[in-house]
Amino acid sequence: MPLRSLNVNFAEKLRYPLRRTLLVSLLLLLSFLSFAQADNLKVMYYNLLDYPNSDPGREVYFRTVNQYLQADVIAVTELKSSTGATTLLNQALNVYGTTHYQKAVYYTGDYSENLLYYNSEKLALHSQDVIYTSLRDINEYVLYYKSIDLATTNDTIFFYFYIAHLKASQGFEQDRLAEVNQFLDHLNSITNAENVFFGGDLNLYTSFEPAYQALIDNTTYVLNDPLPAGNWHASGTYSLIHTQSTRTADFGGGSIGGMDDRFDFIIFTDDVLTGTNAVQYVSNSCKAFGNDGLHLNDALIDPPVNPNVPDSVIQALYYMSDHLPVICDLTVAATVDTTHSNLVITEIYYNPPETGTDSLEFIEIYNNGLNTANLTGYTLSSAVDYTFGSISLNPSEYLLIAYNPTAMMNTFGVGALQWTGGLNNDGELLLLKDNAGNTVDSVFFDDAAPWPTAPDGTGPSVMLCDPNADNAIGSNWQASQHFVVNNGGGIPIFATPGYTECVYPPVADFTVNFTEITAGESVSFTDLSTNNPTSWSWIFTGGLPSSSILQNPVITYNTAGIYDVQLMATNASGNNTMFKTGYITVSEPFTGTLMVTEIMQNPSAVLDGAGEWFEVYNPTASPVNMNGWTIKDDGTDIHVISGSLIVPAGGFAVLGINSSSAANGGYTCNYQYSTFFLGNSGDEVVLLDPSNVEIDRVVYDGGPTWSDPNGASMVFTGTPSSDNNVFSNWTTATLREPSYSGSTGDKGSPGTNGTGQNLVSPAFDLNLKVYLEGPFNGTDMNAGLISLTDFPTAQPYNISPWSYNGSEEVISVPNSNIADWVLVELRDAANIGTATEATVIETRAAFLLNSGSIVELDGVSLPHFTNTISNQLFVAVYHRNHIPVISENALVKVSGIYSYDFTSGESQAHGGALGHKLLTTGKWGMIAGDADASGLINTLDKTTFWNLQAGKKGYLKSDMNMDGQINNKDKNDYWLPSLGTGSQIP
């Protein structure tokens, strides 16, 4: 029997005859067809390998795969739980600002493992069903396209998607045939099915199998396989279309045989091939995604590297499943309706419990906007016909259109407008259009799942509780439970025309006054839950009390540790839980009266015997006199302080080996000790009070864990309640601060709260605004980079030339308006001319919003600093492929905030027009094109980066306009016009 293949290139290459002789001619003819309106859809079938039971946490890999593919229809198998279904929706699909994915209802059962996800901006779920077999169930999902043509043609484009996972292994060919025959019996019983897709993990080893032949020989609905037929198993001829196994190593379950089988399929009906029903297969678009044909019997990640798919995606495919997804592209002869309106159809009474004429049929429309809507000239059509006269609808008000307004008033006591026609009890399309014929809202209601079935004649209306939810999705609707009256036949009527009975479940949330405290202190919790909860159930790990039912409890933490908090908020409609992991940090209190906070053990500008010193800090509210105190190490060094040495409350004292500032390197020594020395390669500084009670101890090791600076002090960076004998709480001084005299010499901050110290906090916020030329769109900046799979969640400036080692990192992108990461640098100088690199006091990575604002890692807050500004503050901003800028003027502090707007004028950046660029009238921005971040736009940016990255997609330095694609626009529109431009930072 000749074998069918729809892929012309494969057919010619492999010389497999086509089953229908007109097919090639037909494909050539179709290539000339065009439609006045068209949209593209990508379909993906994917076996998820026992998700999430086997190897949980793989949703991160699924996310990477789909972020690259952006599929509109995702049909999955081996999805083992409703929890897993929800996790994929919320943590893999609707991420990074995407909200349009919806899922069908997941059926739980012994043989249930399939599910469909879809792009709800383009598609709506009309119905779903299950074909029960003796082995695994086959699932049916009927979608329709949200076409703008609904407004003019009232015609709906339907898709029938079927997902199967047939019996596995050789020797079970008859079992697979039995499952396929049950599917075909179901399909053939449907009248006028259109655009039918059957696929999944079919476990077919060869096209000669009876199950495959039954599919392609079906006559009622002819089915086509777009990929070549043949003996696929372990054949190099078909290595490009193998979908299993991605692995040769055993982990997480699944097959480990390497790429050698074609098990995953997408098969479709003739109308998809010809475009007869407005949906057409894009020739040669069907493929085993991620397979380059060069990995027969090898793992997907084995050499050679697939040049057509990013490495991150290949890794994700490898770790997600032992199968590859199979994908196809479709053209739809219509365009998605992009009209947005705040008018929403929220209640439908399509089959009241009446005999004969349904006199109580009505449709309710709600204004979900903030402004009054003028409905003059609007129409309600398709199922019924009504043209609105001079009618306005205020925000949060309802409007009723009914078959019989008199019956509405007599039964419900509400007025209504009267339509012409009636509602189909089996379901149909409702269209609300504006006076220009644009679709304002459309609902294809139904009397079958996922729509509630009770409204089909048993008494209730069907209502949409949440007007913000997609009313094209049946599962968002519910049957009314509001009893109105018994009708003449004694049947109860349930409906709420003109108002709502809905109470939304709460969304739990809370905040606190402090997230970091010392043991023994208390935290005040404030409930932020929405939708008016009526009760609260808190759980406080490590807290006292450990639980509470108060709305805003106060909890004491007596033991140091990091603790979780949970809140369940409840109202009459349900409950919701917010769980914050590691939310409260409790530190051991500092019990001493003094603590060592800075140590100069190895000066460079002077000899050790002249320049050694250490600093003590008094965290208490009272001054401490160190007369009679002992300073010592664990060896033979010891000195008893003789004479008054006052350490003020909240202040510092410096003890040194030489009190002469002329000889000790330029610092003020409050007390000169003797017979006590600071070892360069490790030592101890121990403080004993006059009763010989040890008050504080710092033990440094000279290098293995502690820093071992030469010519700079070691600086304690913790808070007064932190442990100062932990190396991670210390750093090396980077500046010679004003507590030293002279501008040159050893670095440190003797006697003051120096850079990086958090003992005395001057605390200020930084309010900066800066534009990047690349993503600037005339008004603000595009924020599309965060949709890339490789957009970093950790700061990207830890490489040359910045070599910034900050630990800024987020679990996920916190704000959909983030344009990119930037690096902010504080410089403390007398003027811009002296604001050189030597005056840098802190560097911080932060997020840049599309508005130009620079914010903290929460995506909202202004960056917060605790540095002391001794002279004036100047700020520099760096970006990975734009020329950096520095403020021409010193920032001014007002109410604890330093503000600066680089965008407002030429003179705002040092160097003026040489330092940044006029983007549009009155708006200036950083100059794009510095791919190697050298501070100069030159030929190296093109030859070293752009030439190598051209044609690629991702978070790459050559992406000058930051649209995620490297192409000629980056080179010609951004790099070339700015060639020769350089940084003006001193």
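Helix 12 (residues 939-949) and helix 13 (residues 968-975) pack at an angle of about 170°, with axes 12 Å apart, so the two helices are roughly antiparallel to each other (that label applies to angles over 145 degrees). Who makes the contact (heavy atoms within 4.5 Å)? Helix 12 brings Thr-939, Asp-941, Lys-942 and Trp-946, while helix 13 brings Asn-968, Asp-970, Lys-971 and Trp-975. Helices here are DSSP runs of H or I with at least four residues, strands are runs of E with at least two, and both are numbered from the N terminus.

Keep in mind that this is a predicted model, where local features need pLDDT of at least 70, side-chain atom pairs count only at pLDDT 80 or more, and totals for chains, interfaces and linings use all residues. Residues are numbered from 1 along each chain as its sequence is written, and side-chain values use heavy atoms, leaving out hydrogens and water.

Now hop to strand 1 (residues 39-51). It's mostly covered, with 11 of its 13 residues buried (under 20% relative accessible area, using a 1.4 Å probe and protein chains only). Strand 13 (residues 326-332) runs antiparallel to strand 1 and is joined to it by 7 bridges; two strands pair if DSSP finds at least two bridges between them. Here Val-43 stands opposite Cys-328. Strand 2 (residues 73-79) runs parallel to strand 1, joined by 6 bridges, and Tyr-51 has Leu-79 as its bridge partner there.

Last stop, helix 6 (residues 173-188): its buried residues include Val-180 and Phe-183, and strand 5 (123-131) and helix 7 (210-216) are among the elements covering the buried residues of helix 6.

Key. Buried < 20%, exposed > 50% of the residue type's maximum accessible area, 1.4 Å probe, protein only. Contact = heavy atoms within 4.5 Å. Axes fitted to C-alpha atoms, helices over the stretch in contact; angles between N-to-C directions. Parallel < 35°, antiparallel > 145°, perpendicular 65-115°, else oblique.
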